[in-house]
Amino acid sequence: MKMFAFSLVAALALSGCSTTTPKDVRVLYVAPNTAPCTGNGPRTCFLTKENEMGKWQFFYDGIVGFSYEPGYRYKLSVEVTPVANPPADAPNANYTLLNILEKAEDSTLAVINQ
């Protein structure tokens, strides 16, 4: 009986343990406009930054679950998942929308200062 009780307590204690790696969750700001960029040829990219005071940067990848509407600026919560051994012309991470934290109409144009 003591062995059963010990086994039960040990199993319950270990059930809360996890061996998964923590999620990489980030806030991503998306500009109200896109901009021409060059990846695998000419295309249009989102303009993003990871903090409100940062500079806009081209964002060449998509965000799974995100439906962009021009004329709105966004503050998003995204999960970033590394891609193991991506091809040279492919992203090294996948971005998945967790939540739209803010969405506001905005008619200003964001630009890349190069």
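Which residue has its charged end over the ring of Trp56? Select Trp56 and look at the face of its ring: the charged end of Lys49 sits there, 4.3 Å from the ring centre. Keep in mind throughout that this is a predicted model.

**Aromatic pairs**

Next, show the aromatic side chains. Searching the whole structure gives 8 aromatic pairs. Start with Phe46 and Phe66: their ring centres are 5.8 Å apart and their planes meet at 65°, over the 60 degrees needed, so this pair is edge-to-face. Now colour by secondary structure. Phe46 belongs to strand E2 (residues 41-49), while Phe66 is in the loop between strand E4 (63-64) and strand E5 (72-82); the pair therefore ties together parts 20 residues apart in sequence. Phe46 has 17% relative accessibility, which is under 20%, so Phe46 counts as buried.

Move on to Phe59 and Tyr95. This aromatic pair is edge-to-face, with 4.9 Å from centre to centre and 80° between the planes. Phe59 is in strand E3 (residues 57-59) and Tyr95 in strand E6 (residues 93-105), so the pair links distant parts of the chain, 36 residues apart. Phe59 and Tyr95 are both buried.

To see how these rings connect, select Phe46, Phe59, Phe66, Tyr68, Tyr74 and Tyr95 together: ring pairs link them into a cluster.

In soluble globular proteins, nonpolar side chains tend to be buried together.

Centre the view on Val78. Beyond residues up to four places away in sequence, Val78 touches Asp24, Val25, Arg26, Leu28, Ile63, Tyr95, Thr96, Leu97 and Leu98.

**One residue back**

Finish at Ser77, in strand E5. Is Ser77 buried or exposed? With 12% relative accessibility, which is under 20%, Ser77 counts as buried. Setting aside neighbours within four places in sequence, the contacts of Ser77 are Val25, Arg26, Thr96, Leu97, Leu98, Asn99 and Leu101.

Methods. Residues numbered from 1 in each chain as written. Predicted model: local features only at pLDDT ≥ 70, side-chain atom pairs only at ≥ 80, totals over all residues. Heavy atoms only, no water. Phe/Tyr/Trp six-rings, centres within 6.5 Å; stacked < 30°, edge-to-face > 60°. Helix = DSSP H or I, 4+ residues; strand = E, 2+ residues; numbered from the N terminus. Buried < 20%, exposed > 50% of the residue type's maximum accessible area, 1.4 Å probe, protein only. Lys NZ or Arg CZ within 6 Å of the ring centre and 35° of its normal. Contact = heavy atoms within 4.5 Å.
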